[in-house]
Amino acid sequence: MSDSADKMAEACVACALKDRCVQTVDECFTRRQRWKALLLGYILPFLVLSVGIIVMSLLHWDEMLIGGISLAIVGIYYVVLWLCKPKI
């Protein structure tokens, strides 16, 4: 058994919900999957928001408009991400 599997087994022994748990060692995520989730869920939306704010600021748009459009763009990003969920 791997080191992470040992830690998981130790954690399961003390867990009050171990009878109902569906988590197994086989279902643990790989390092690549964790980085992909981090990238898609946090890093790319932050970059989209930042680039949107910078571009609109350089165009001298009103700050309220910049904030609203930037948040809308991030919202659209998450909707597209949700729609692509089965393919990711």
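Is Tyr77 buried or exposed in this structure? With a relative accessibility of 18%, Tyr77 counts as buried, because the cut-off for that class is under 20%. This residue is a handy way into the model, which is a predicted one, and the paragraphs below start from the whole chain before returning to it.

The overall plan is quick to learn. The chain holds 3 helices and 0 strands, and its elements follow the order α-α-α from the N terminus. Of its 88 residues, 12% count as buried. The accessible surface amounts to about 7600 Å², and carbon and sulfur atoms account for 69% of that area.

The mean pLDDT of the chain is 84, with 75% of the residues at 70 or more. Helix α1, residues 3-14, has the lowest confidence, at a mean of 65, whereas α3 has the highest, at 95. Where pLDDT is low, predicted coordinates should not be read in detail.

Helix α2 covers residues 31-58, 28 residues in all. From its first C-alpha to its last, α2 reaches 38 Å, close to the 40 Å expected at 1.5 Å a residue. The helix has a kink of about 40 degrees, centred on Leu39. The buried residues of α2 are Leu40, Gly41, Pro45, Gly52 and Met56, and these pack against α3, which spans residues 63-83.

After α2 comes His60, a residue in the loop between α2 and α3. Most residues other than glycine have a negative phi. His60 is not a glycine, yet its phi is positive, at about 60 degrees. The residue is also exposed, because its relative accessible area of 71% lies over the 50% cut-off.

Ser70 has its place in α3 and is buried, with a relative accessible area of 2%. Which residues does Ser70 contact, leaving aside its neighbours within four places in sequence? They are Leu49, Gly52, Ile53 and Met56. Two of these contacts, Gly52 and Met56, are with buried residues of α2.

Gly75 also lies in helix α3. In contrast to the buried Ser70, Gly75 counts as partly exposed, with a relative accessibility of 33%. Gly75 and Leu49 are 26 residues apart in sequence, and their C-alpha atoms are 10.0 Å apart in space.

The account now comes back to Tyr77. A search of the whole structure finds 1 aromatic pair. Its members are Tyr77 and Tyr78, whose ring centres are 5.4 Å apart. The planes of the two rings stand at 75 degrees, so the pair is edge-to-face. A pair of aromatic rings is described in just these terms, by the distance of the centres and the angle of the planes. The two partners fall into separate accessibility classes: Tyr77 is buried at 18%, while Tyr78 is partly exposed, with a relative accessible area of 36%.

How values were computed
Residues numbered from 1 in each chain as written. Predicted model: local features only at pLDDT ≥ 70, side-chain atom pairs only at ≥ 80, totals over all residues. Heavy atoms only, no water. Helix = DSSP H or I, 4+ residues; strand = E, 2+ residues; numbered from the N terminus. Expected span 1.5 Å × (residues − 1). Bend = angle between axes of the 7 residues up to and from the residue. Buried < 20%, exposed > 50% of the residue type's maximum accessible area, 1.4 Å probe, protein only. Contact = heavy atoms within 4.5 Å. Phe/Tyr/Trp six-rings, centres within 6.5 Å; stacked < 30°, edge-to-face > 60°. pLDDT = per-residue confidence, 0-100. Areas by Shrake-Rupley, 256 points an atom, 1.4 Å probe, with all protein chains shown as cover.
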